[in-house]
Every structure is written in C-alpha cells, then in structure tokens.
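Hi,

Here is the structure I promised to pass on to you.

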Amino acid sequence: MINLDHNATTPLLPEVRDAMLPCLWEVQGNPSSPHSAGTRAKQMVGEARTAVAALVGGKAPEIVFTASATEANHLAVLGALRAVVVAEPGRRGFVTSAVEHPSTLLLAEDLAAQGWPVTVLPVDGEGRLSLDDLAAAVGPGTALVSLLWANNETGVLMPVAGAAALAHAAGALFHTDAVQAAGRVPVSAAAVDADLLTLSAHKMHGPKGAGALWVRKGTALHPLIHGHQERKRRGGTENVPAIVGFGVAARLAAEGVAAGIGADMARLRDRLEQGVLARCPGAQVNGGGAERLPNTSNIRFTDAAGRPVEAEALLLRLDRAGIQVSMGAACASGGNAASHVLTAMGLSPDEAAASLRFSLGRLTTDSEVDAVLTELPPLFARLAA
Ligand code: PLP
C-alpha cells in the first residue's frame, strides 16, 4: 500500500517498536513502586519525558503524559479554565477557531451549552485566521485562547505567536494543539510563548494511545483525573510501553526536523500537487494560498462542467489501486457530514465532498508520488466523465 494518509496516523518506526517491546515483557514494574522493577520503569518514563519535552524546547517536569492528544486538549482547556476561574472568577471566556480538531471544537460547543462564554472565530477562504478578529474577541474576561498550530485537514498554519501575544496582552492563557506540526516543522513552545501545547505520539511514528500536554512552568492547571501521578496533574498508572515509544518517536522527530525532512516532504508534496493539478483539469488546492505544513495537500476535484466530483468514489478507487488517502479527518471519514474545516472556508457541502486529503510522511518516496500520478488521473477522468 502507498500511505498518503499520515495526518490520520503514522506507522511505527522500527526503532520505536524495538524500544517498546522490552517494556511489554522485561520491564513490567509500576513507575510508582519503590522496588527495582518500579524504579527501572520510572527511569524509562523519565527518559521519554525528557525527549518529548526536548521536541518542543521544554523541560521534563513540564510534560504531562495522557492517553491521547484528545485528552491533552481536554486537560488544557478544562484544566486551564477551571484554574483561571478559581483565581479570577470574572475571567471565564474561551476563544477558539471554527477549524479546530473536533476534540477542541466539540468541547467548545459543550462549554457554550453549559453557559461558558465561548467565541469561535471564523477563517477566510484559504483557512487563515485574522489576528484582527482575535484582537477584537479577547478582553479582560478572556481566560484562554486555544488554536491549532497547523490544521489537520488542510495543513494551513495558524498565526500562533501573534495569537499568544494577543492572549497575554489581555491577561489570558494561550494553548496550541501542535499535533500535526510536531515532527514536520520546528515547534518551539518558547518561541511562540505558549502556556500549554498538545502532542500526540501516533502522528510522529509512535504508538497510538499516548499523548502529552506541555505545561509552561508555573501555569496553574486543574486536573481532570485525580491521582498522584504526573505531579497530580493526571492520575492513572502510566502506560509505560506507549510512553517509551513516544519518547523514541519524539527524539527521531526532533532529529528529522533538524536534518530537514520538512524540505524533503515539501518537495514531494509540491510535485504531487502540481502533477495532480496538471493532470486533473479543474482541480484546486484548498488552502493553497496560505502558509501550510510541508506534508499536506487538500485537493478539490470538479468535472468538465465545473461540477464537484464525488471524492469518496475517488478515494475508494484509489484504495483498490493500493493508495490510501482521506476525506477530511480520519474520524470524519465514512460519515456523511461535510468537513467543518472546508465549509468554514466557504466551500459548499458538495465542494467539501469533492475534496481529498493527501498527507505525506518521512518515508514517502518519489516512486510513490509517481504511482499516484499514474493511477489517479484515469480514475478521475472516468468519474469526471
Ligand atoms: N489534534 C489534531 C490536530 C489531530 O489531528 C488529532 C488526530 O487526528 C488529534 C488532536 C487527536 O489525537 P489523538 O488521536 O491522539 O487523540
């Protein structure tokens, strides 16, 4: 199979698997136990914590391991809101964007339904957020601003540094979900001046079921799950094999970014994108006018009369040809709802349903791109006709 669906998940790298396997069998201690088996497990979790922190330029004690980035986003938003409200009861506002991952957006809807003052900011036709809109939305009642670092469907980058500055000027905290950015572009929590930053192991060739929230030293955070682990910020015995795998994946991600894998992916992505546009008349890149991640291309297909082509049919035919792509987010695929990201960018539901996401990885090759450029155009031509 040719995997062009890395924004859904990434395959384990062999080094990650090799580090995890002993934790399933030889190292079985509970990191909280005082005996040698526990101490060994604790040491391995500690090494992983240092590696995950280093990926975003942080320190080990700033990392809270969770069971997913979905959980880390919940901990960031609910944990920060609760802590801020306790300190300053008049500050309850939550500001986010219309193109967030559902783990943030559905939470925002839930908070609004419970009476929290929630503002969901729009984006323009390229998926870009305006800092003027953000400046108008934040004020003395704002507790937290949360924005993606990079959108998972289009790869469009958010103005996170500017957003953090505006949040801080209003006395609010700033959280960013950097799940899709980490391992693809340099991600520094300090450079952006973030207070909270979310990561997921399985988007950087680590295992599923491991996430992390980087919490700037001194930032008050109310736990969602009580317990003594993770400095009382997230209870529950640590998932040692997954965390160890996460640590190795984070180290390899940092090394890869430093070695320029972003530029390699961008070259392949651009070749794929230009090749598809040249061979499929009417095709357009959603968010193509914005600054994007180097690995993501979201392409909308139309027929000869300019009508949207059913991308699901194209996806299924590509799958039969051994090529994996996606429509919108992985979790939305298979459902009938139009992508909330593309509709927020002004696409009609039919145009959104005519769009495919191609997301490359560090292992994607030129010959894989060639294969897509050979297989896709005739499938498209048949559907367009
Ligand atoms: N945030 C973004 C931007 C994502 O793309 C995803 C996964 O698709 C998540 C959060 C959730 O990650 P996890 O699968 O670890 O819960």
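Contact, as I use it here, means heavy atoms within 4.5 Å. With neighbours within four places in sequence left aside, A83 is in contact with A220, L221 and H222. Before going on, please note that this is a predicted model, in which local features need pLDDT of at least 70, side-chain atom pairs count only at pLDDT 80 or more, and totals for chains, interfaces and linings use all residues. Residues are numbered from 1 along each chain as its sequence is written, and side-chain values use heavy atoms, with hydrogens and water left out.

Back to A83, which is found in helix α3 (residues 69-87); helices (H or I, at least four residues) and strands (E, at least two) are DSSP runs, numbered from the N terminus. A83 has a relative accessible area of 15%, so it is buried (under 20% relative accessible area; exposed is over 50% and partly exposed in between, with a 1.4 Å probe and protein chains only). Between A83 and L221 there are 138 residues in sequence, yet their C-alpha atoms are 5.5 Å apart in space.

Next, E230. It sits in the loop between β8 (211-215) and α8 (240-258) and is buried, because its relative accessibility is 6%. A polar atom of the E230 side chain lies 2.8 Å from the backbone nitrogen of F65. Apart from neighbours within four places in sequence, E230 is in contact with R49, I63, V64, F65 and E238.

The helix pair α2 (residues 36-55) and α8 is worth a look too. Their axes (lines fitted to C-alpha atoms over the stretch in contact, with angles from 0 to 180 degrees between N-to-C directions) come within 8 Å and cross at roughly 35°. On the α2 side, the residues that meet α8 include A41, M44, V45 and A48; their partners in α8 include V240, I243, G247 and A250. The residues of this contact divide into 14 nonpolar, 1 polar and no charged (Ala, Val, Leu, Ile, Met, Phe, Trp, Tyr, Cys and Pro count as nonpolar, Asp, Glu, Lys and Arg as charged, and the others, Gly among them, as polar).

Finally, the ligand. There are 14 residues around it, of which T70, D177, Q180, S200 and K203 come nearest (a residue is near if one of its heavy atoms lies within 4 Å). The side chain of Q180 has an N or O atom 2.8 Å from a ligand oxygen, and a polar side-chain atom of S200 is also 2.8 Å from an oxygen atom of the ligand.

Best wishes

Methods
A polar contact is a pair of N or O atoms within 3.5 Å; within protein, one must be able to donate a hydrogen and the other to accept it, and residues adjacent in sequence count only if both atoms are side-chain atoms.
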